Each structure stands twice: as structure tokens, then as C-alpha cells.
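Subject: Structure handover, with notes

Dear colleague,

I am passing on the structure below, and my notes on what was found in it follow directly after. Please read them with the model open beside you.

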Amino acid sequence: MSQDVAVIGAGSWGTALASVLADNGHRVNVWVRDPKLADEVNTRHTNEKYLPGVMLSPGIRASVDLREVVSDKPVVLLAVPSHAMRQVTRELAPFLRPDVLLIHAAKGFELESLKRMTEVIGEEVPEPIGKGVVVLTGPSHAEEVVRRSPTTVVVASACEDRMLRAQDLFMNAYFRVYTNPDLVGAEIAGALKNIIALGAGMSDGLGFGDNAKAALLTRGLAEITRLGIKLGAMPLTFAGLAGVGDLIVTCTSKHSRNWRAGYLLGQGKPLDEVLEQMGMVVEGVRTTKAAYALASRNQVDMPIASVLYGILFEGKSPRQGVEELMGRGRTREMEYLGPFGV
Ligand SMILES: NC(=O)C1=CN([C@@H]2O[C@H](COP(=O)(O)OP(=O)(O)OC[C@H]3O[C@@H](n4cnc5c(N)ncnc54)[C@H](OP(=O)(O)O)[C@@H]3O)[C@@H](O)[C@H]2O)C=CC1
Ligand SMILES: O=C(CO)COP(=O)(O)O
């Protein structure tokens, strides 16, 4: 059934998801901040800044008027970065229908409160909307989705009915949507993998090989799973698309902003220059701060996140970081097993 969908944010991900929705026959209205971009989407059907060289469906309409875009829409998709989520949600909350299906697609924490995105959104919208917010996450680069390259994602929510509705909304021949009731795990896995992607980029930027990358992915997964479990996630979610799936795509793809930022850092560029050069959100930088704080608050050992924190915010060089990680004391791979595997 064709629906009216409001997409909030036309960066690379909002635009790619708008394309999936338009392909599925939905009427898509996108909210953007820049009137020039609204004009470009409506007349030329492109978004050259965020997805250069891609033709969008003429059915996608853009506007700078938040009230007009959100009012009376049965479905609203929030596709802004995590640092903007609270403010944007606060601004659109008065226009939401009480029965709206609210989905978000951001991968990060709110830095000040260390809350997950559905917690932040839940605090800004009236009940019952807040209890049924859905996250869409998983291994999915906008640049490939918008070219209809086969992609799998996960939707998770505390409300099964809404999760199933979100699955129906997006599912098509190139965009396969799985459900997972572990909302906490899906959000945490999606956010934390960006830290490891920064590290993987750094490793490549330093000129290290596949062994180093495999080590970062595997030990990175171990420590983000450790924190996730402490925060209430189901361990198996980290073995799924939101966990290892997204870790693989973000640590190995040329499309990844986090990998690319890490690569430049590994080559010795300072953080502020790297972020300026990127021109798009690099969620892993703030998430490293959030993970560092969450790990210390919950007494979880996260050596990779801790070393990355030192590199990003305390002037440690990437090479010093590697020496620190490799020079740590002896330890077991599987910490829950005894010395002889029992
Ligand atoms: N890109 C991807 O492939 C994927 C991204 N994600 C996640 O989606 C989220 C969005 O990322 P992405 O689209 O890549 O980011 P981009 O940098 O491509 O775009 C960011 C978008 O958010 C808008 N925005 C930024 N700050 C604010 C603000 N303070 N208030 C309102 N709008 C704002 C920008 O508007 P403006 O142009 O006016 O600045 C732009 O539309 C992130 O959490 C990311 O991790 C998840 C999966 C895939
Ligand atoms: O989450 C993503 C892919 O699943 C996007 O990662 P980047 O933000 O690093 O590009």
C-alpha cells in the first residue's frame, strides 16, 4: 500500500532511503535546511553535494518547511546525524500524528547524556509515539543503495507491530529488511562499529596489512560486544547484520566516512583538517568520546576505543597507539573461559 512518508534530512543516507521508498511506490517528502538543495531536488532531481552523479526519482519532493513536510504523515523517517537528533525531533514533535510510525536511521549516541537515539527521541515526542520508535541499521552505504545494489538491513523496536510495518515499508528486490527485537543491541552495535572503522582506516593509513585489519575487526567486535552486553544488548545481535555485518562494510569500504577519516589520521593529518576535508558526518569521532565515557562508567575494558580516544583527543600519535595495543599484558582470547577452556 502506497503511503505518505516524511524524510527528515537529505544527506547521503536520507536521500538514499528516500529513493528506496520512492522505488516502493510511496509518496516521499524530504525536509532539507537549504532552499537551494530543495530546488535542486525538485527541479533537477539530484543531490550533487551528498550523492554526486545520481539521478533521483522525480517523485521525491523536497521542502524547507518542517511543518508542511511532517504534518499528517503516517510515517516519518529521521535521517539526521545523532548530534542533531534531539533538536530536530523537538522541532517536529508538535506536528506528529499520534499514530505516526517513527523510524530513525542514525548511528551514534547523544554525547552529553550518553543516551541511545530512541531514548533521545522518546524524550522529545509524546507517548505513545515514543515507546514504538524503530531503528533502521545494518551494513548499507548510501552510495550503493541509491544504485540499487543488493543490500540487507535490520529494523528493531520495542513494538513488534511497528517493526513489521517498517519492514514492509522498505523491503524490495534490492533492499532486504530483517527484524530484530533487540532494540538496545541494534542501536549500540550500529553506533560502536564506527569507532572500529576509524581504527581500521588508521591501520591502512599507517601502511599495515590485512593481519592488522583482521585483528582490529575481531578484537574490536569483542570489546563493543562487551560494552553492549553491559548496557543490556543481546550478545547474538553483535554476530548479526547490525554487528559484524556493519563492522565488515564500514571497516573495508571506500565509501565509509569513518574509514576514510581514519585513513587520513593514520597518514598524520590532524583531526580538525580531516573533518573539514570530509564535509560529511563522521559519527565515530563523537562516538569514541561516548564509548570512552560509557566504558569507564560501566567498568568495561575497551582497549581499542581507549587508544583511539588518546589519538583523537589527547595528542597520542597513531603509531604510539599501535605500540600500546600490541604491548598490553598477556590475556586470554575468550575471557569467559577458564585457562584450559572450561
Ligand atoms: N551515509 C550512509 O551511508 C549511512 C549513514 N548512516 C547514518 O545516518 C546518519 C546521517 O548520516 P549521513 O546522511 O551519512 O550524513 P551526511 O553528512 O551525508 O548528511 C547529514 C544530513 O543531516 C543534516 N544535518 C546536519 N546537522 C544538522 C542539524 N544540526 N540540524 C538539522 N539537520 C542537520 C545535513 O543538512 P545540511 O546539508 O543542511 O548540513 C544533511 O542533510 C548518521 O548517523 C550516519 O551514521 C547510516 C547508514 C548509512
Ligand atoms: O553506517 C554506515 C554503513 O553501514 C555508513 O558508515 P560511514 O558513516 O562510515 O560512511
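The residues of the shell around ligand 2 divide into 3 nonpolar, 7 polar and 4 charged, where Ala, Val, Leu, Ile, Met, Phe, Trp, Tyr, Cys and Pro count as nonpolar, Asp, Glu, Lys and Arg as charged, and the others, Gly among them, as polar. The model is a predicted one, in which local features need pLDDT of at least 70 and side-chain atom pairs count only at pLDDT 80 or more, while totals for chains, interfaces and linings use all residues. Residues are numbered from 1 along each chain as its sequence is written, and chains are lettered from A and ligands numbered from 1 in the order in which they are written.

In total, 14 residues surround ligand 2, and the closest are Ser140, Thr250, Ser256, Arg257 and Asn258; a residue is taken as near a molecule if its C-beta atom, placed from the backbone, lies within 6 Å of it. Two or more residues of this shell around ligand 2 come from each of α8 (183-205), α10 (241-252) and α11 (257-266), and α10 gives the most, with 3 residues. Helices (H or I, at least four residues) and strands (E, at least two) are DSSP runs, numbered from the N terminus. The shell around ligand 2 also draws at least three residues from each of domain 1 (4-181) and domain 2 (191-326), with domain bounds that come from an automatic or database domain assignment.

Ligand 1 is surrounded by 25 residues, of which the closest are Gly11, Trp13, Ala84, Ala106 and Met280. Helix α1 (residues 12-23) supplies the largest share of the shell around ligand 1, with 3 residues, and by class this shell has 13 nonpolar, 8 polar and 4 charged residues.

As for the domains themselves, the centres of domain 1 and domain 2, taken over C-alpha atoms, are separated by 25 Å. Across the boundary, 21 residues of domain 1 are in contact with 22 residues of domain 2, two residues being in contact if their C-beta atoms, placed from the backbone, lie within 7 Å. On the side of domain 1 that touches domain 2, the elements that give two or more residues are α6 (142-145), β9 (151-157) and β10 (175-180), and β9 gives the most, with 3 residues. The residues on that side of domain 1 divide into 8 nonpolar, 10 polar and 3 charged.

Several helix pairs come next. Helix α13 (residues 283-298) and helix α14 (residues 303-313) pack at an angle of about 130°, with their axes 9 Å apart; here axes are lines fitted to C-alpha atoms, for helices over the stretch in contact, and angles run from 0 to 180 degrees between N-to-C directions. That angle makes α13 oblique to α14, given that angles under 35 degrees count as roughly parallel, over 145 as roughly antiparallel, 65 to 115 as roughly perpendicular and the rest as oblique. The contact is made by residues including Val285, Tyr292 and Ala295 of α13 and Leu308, Leu312 and Phe313 of α14, and its residues divide into 9 nonpolar, 2 polar and 1 charged.

The axes of α11 and helix α12 (residues 271-278) come within 10 Å and cross at roughly 140°, and the two helices are therefore oblique to each other. In this pair, Arg257, Arg260, Ala261, Leu264 and Leu265 in α11 meet Leu271, Val274, Gln277 and Met278 in α12. By class, the contact of α11 with α12 has 6 nonpolar, 1 polar and 2 charged residues.

For α14 and helix α15 (residues 318-326), the packing angle is about 155° and the axes are 9 Å apart, and α14 and α15 are therefore roughly antiparallel to each other. Pro303, Ile304, Val307, Gly310 and Ile311 of α14 make the contact with Pro318, Gly321, Glu324 and Leu325 of α15.

Two details of the backbone remain. A cis peptide bond, with omega about 5°, joins Glu127 and Pro128, and Pro128 lies in the loop between α5 (117-124) and β8 (134-137). Leu114, in the loop between β6 (109-110) and β7 (115-116), has a phi near 60°, a positive value in a residue other than glycine.

With best wishes
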